[in-house]
Structures are given as C-alpha cells and as structure tokens.
Amino acid sequence: MLSKAATTFVALKDVLRHKPLVTLSLGAFFTSLVGGIVNLLLTIHVYDISGSSPLAVSALFLVTFMPNLIVAPLFSGIADKYNRRIVLAVGGTLRALCCLLLAFNHNIALSFILAFVITSIAAVMKPARYAKAAELVSDSKLSVLNSVLSFMINAAGIASGALAGLLTNFNSVAAFAVAAFGSLIAASLDGCYSHEEHNSKRAVDSHNGFRESHSISFWVKLKGIVSSTTIRLKNVLDLIKKERLLAALSIVVLALWFGLGLQETLLVVFTRTVLHAPNSVYGYLNTIGSIGALIGAALAAPFSSNTQSAIKSLPMSLIASGIAFCAFALSGQSLIFAFCSFFVFSLFYTIANVIEELLEQVLSPNEYRASVMSTIGAVGTVGYLIGGSLTGWLSDLVGPTNTAILAAVSLIGAGIFAGLTMLRYRVEKV
C-alpha cells in the first residue's frame, strides 16, 4: 500500500506540472462552483416568482434532471466529434449567457426553459471533461487525474453552498451576474489548451467535422443530424452490450443511483423524524458529507492505480459505503454516531464513484467515450429518479429508518453484483 501511495504521489506531481491538466482541473472547480450556486439560486428564484408554490419547485426538480436522461445520451456525441476543450468552453459561455437572461427574467415558463438549457449544457460538459481527461494522460495516471477532478468538484460543492448563501442577501440580478462571471472564468480555463493539443488530429477534426455545404436545405441537414445521432446511439448501446464490463457497470450504476436517490431525498426527513434534530443539523450533515467526499477523492487514486486494482476496489468500496449508511440508518438519536457514519459513507461512496468513472473511461474507445459515459449516466439517472420518487411513499409505508436501510441494501447489492460479475473478466489493457 505504501508503494502504491508513493507511486500515486509521483503521478500527482507529474499531473500538476502540466498546464493542460491544471486548467482542466480548475475548469472543473469553477464549473461545479457555478453549478452549485445556480441550482440554489434557481430554486429560490422559481419559488419567488411562482408565488411561493411548492409545486413549481417540484416541477423544477424534474426539469433539471431530464437532461441527464434525454439530452446527454443523444448529444454527448458532440464531445466525441469535436475538440472537447472547445465543447467545454462553448458550453461555459452559453451557460453564462443563460445566467444573465435569468437575472432579468420574471417569467416562470422562461425560467423553466433556461433551467433546462443550463442543465442540458452541464449534462454534455461532464462526460466531455472526463473524456478529455482520458485523452490527455495514460491509463496509469488517469486515476490520479480523476481524483484531482473529484477533489476539485467536491471542494467546489463546499464553497458553492457558502457563496450561494451569501448571494441570497443581494438581488437576483447581482446573484446571477456573479454566477455568469464564474461561468465565463470556467469557459476561459477550459478554452486554454496547449500547442500540442492544438496541433493534434482531434483539433484538426474539430474544425472539419459536420461541415455541410450551405446550399443544402435546413431540413436535409436536420434529417442528417437526427440520422447520425440515432446511429451513434445504437452503436453506443451495442458497444455497452458487447463489452461485458460496461454492461455490468450500467447495472451497478442503476443500483448505486437508486440508493443515492433514496438517501438524498430522505435525509431532511430523517434528520427531523429519526435524529429529532433541527434543520441546521441537515446542513451540517451535508457539510460533513462533503468533507468525507473530499478525502475520498484524495484516497481514490491508490485504490485504482491500474484497471485491475480498480475492478477489485469497486465492490469493496460500494459494500463499505452501504455498511456505513446502514450504520447511519441505525444511529437513533445519537448525533455523533450519525455524523461519523455519514462521513464514512460519503468517503467510500466517493471512492466508488471515482473508480466507476475511471472504468467507464478506460473501457470506452476514444471516439465513443463521452457518449458511453452519458448513456451509462442516463441509466443512473433512471435509478435516481425512481429512488427519489419512492422515498415519500416508502417513508410512510415502512418508516424513515427502514427506507434508509433499503438505500444501504441497494449500495451493498451493487457491490456484491460488481464482485460476482466484474471480477470474472480480465481486462486486456492491464
């Protein structure tokens, strides 16, 4: 383990020495920071302009999750066809424009449309970033770069809550203007790419791809795009079905995100009814969870130094996260025990998440990498939506504690399934 840690430290120094990797990581930080701020501000904004309607907030939840289910699998091919740095930079710029439009908007329908556009951009940008990461480094250093990206994203999650809370003291114009500025910073960082990247084949392809004669009619172009997208999605589904590890990952992600959907939507109810604690404790639990995730991101690399070790570590980290959440479910009114178990859960869940994303990157061919990650992400979103929508019904039927145990069982089940299926196969890249 010490030798793995030393190797990881050397790889980390090497990653931080290269400007393209540093700017990609900083871009991830600012992108996630803006994402967290916009999510909170959007909820408050919609709640205010709808006349304090809880139904409008619920509708916003559905609007902001649909892109992961629909848009990402269909349009992530953009990040496989064009230069992924350019996709990230353009996405960040478009999101900044949407934030500015939100700042001066007081129409509920337009707010939903802009929310859908913003989350659609995010749904395409995430696989584009991780696909670019796999393009920039060798497989041996990819786990370290993924850990750095996860560390940045979780650090942004901690910072976004505090900054969003501060921005609520100002009017919506100022708040969304700050979010737009942060998105432009992310776009400028993501748009910085090295001379070597600029001269790569992908950079050349990005300028030539999908160029059609201006004489071709709009409808012919649209038909071609739809046909190309359909064929690409079919190829991606065939690839996932053919590659047994990717197929197994899809099922793992479905169970993983089902448990997460139960957990996230249950947490506030669990705090009040089981822990008998005020709402502030709910906020503190999220903070301690983010700290655990931050440490988990830092620890993920030694557990996934190569593809084979990642395959071995994934089941163990999933089972450990499930056991920790089961302990949280049985914490009763002990806040100390609840905080400690939730910290451990977040730590191991993040390790599992980083490893799972690494396996998606390594097992996918470069020309389909973003599309594969988006498609598997859509499978996870289905599990998340099912879990989240069942929480209220399950809480009334079996109680919050048993619902939390069900979330833990889902995580443990995902780990057992991963152990029984994925470990049978050797990966040729190892």
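Visitor: In this predicted model, what span should the 22 residues of H18 have at 1.5 Å a residue, and how far apart are its end C-alpha atoms?
Guide: The expected span is 1.5 Å times one less than the number of residues. For the 22 residues of H18 that gives 32 Å. The end C-alpha atoms agree with this, being apart by 32 Å.

Visitor: Which helices do the buried residues of H18 pack against?
Guide: The buried residues of H18 include Pro400, Thr403, Ala407, Leu411, Gly415 and Thr421. Their packing partners are helix H13 (244–273), helix H15 (307–329), helix H16 (335–363) and H17.

Visitor: How is H17 oriented to H18, parallel, antiparallel, perpendicular or oblique?
Guide: Helix H17 (residues 369–398) packs on helix H18 (residues 400–421) with the axes 7 Å apart and at an angle of about 125 degrees. Roughly perpendicular covers 65 to 115 degrees and roughly antiparallel needs over 145. The angle therefore makes H17, relative to H18, oblique.

Visitor: How many residues in the contact of H17 with H18 are nonpolar, polar and charged?
Guide: H17 contributes Leu394, Ser395 and Val398, while H18 contributes Pro400, Asn402, Thr403 and Leu406. By class, the residues of this contact are 4 nonpolar, 3 polar and no charged.

Visitor: Which residues is Leu314 in contact with, leaving aside neighbours within four places in sequence?
Guide: Leu314 belongs to the largest nonpolar core, of 76 residues, and is among the members that touch the most others, with Leu318, Phe325, Phe328, Leu359 and Met422. Beyond its sequence neighbours within four places, Leu314 is in contact with Leu249, Ala352, Ile355, Glu356, Leu359 and Met422.

Terms used. Residues numbered from 1 in each chain as written. Predicted model: local features only at pLDDT ≥ 70, side-chain atom pairs only at ≥ 80, totals over all residues. Heavy atoms only, no water. Axes fitted to C-alpha atoms, helices over the stretch in contact; angles between N-to-C directions. Helix = DSSP H or I, 4+ residues; strand = E, 2+ residues; numbered from the N terminus. Parallel < 35°, antiparallel > 145°, perpendicular 65-115°, else oblique. Contact = heavy atoms within 4.5 Å. Nonpolar A, V, L, I, M, F, W, Y, C, P; charged D, E, K, R; others polar. Core = buried A, V, L, I, M, F, W, Y, C linked by side-chain atoms within 4.5 Å. Buried < 20%, exposed > 50% of the residue type's maximum accessible area, 1.4 Å probe, protein only.
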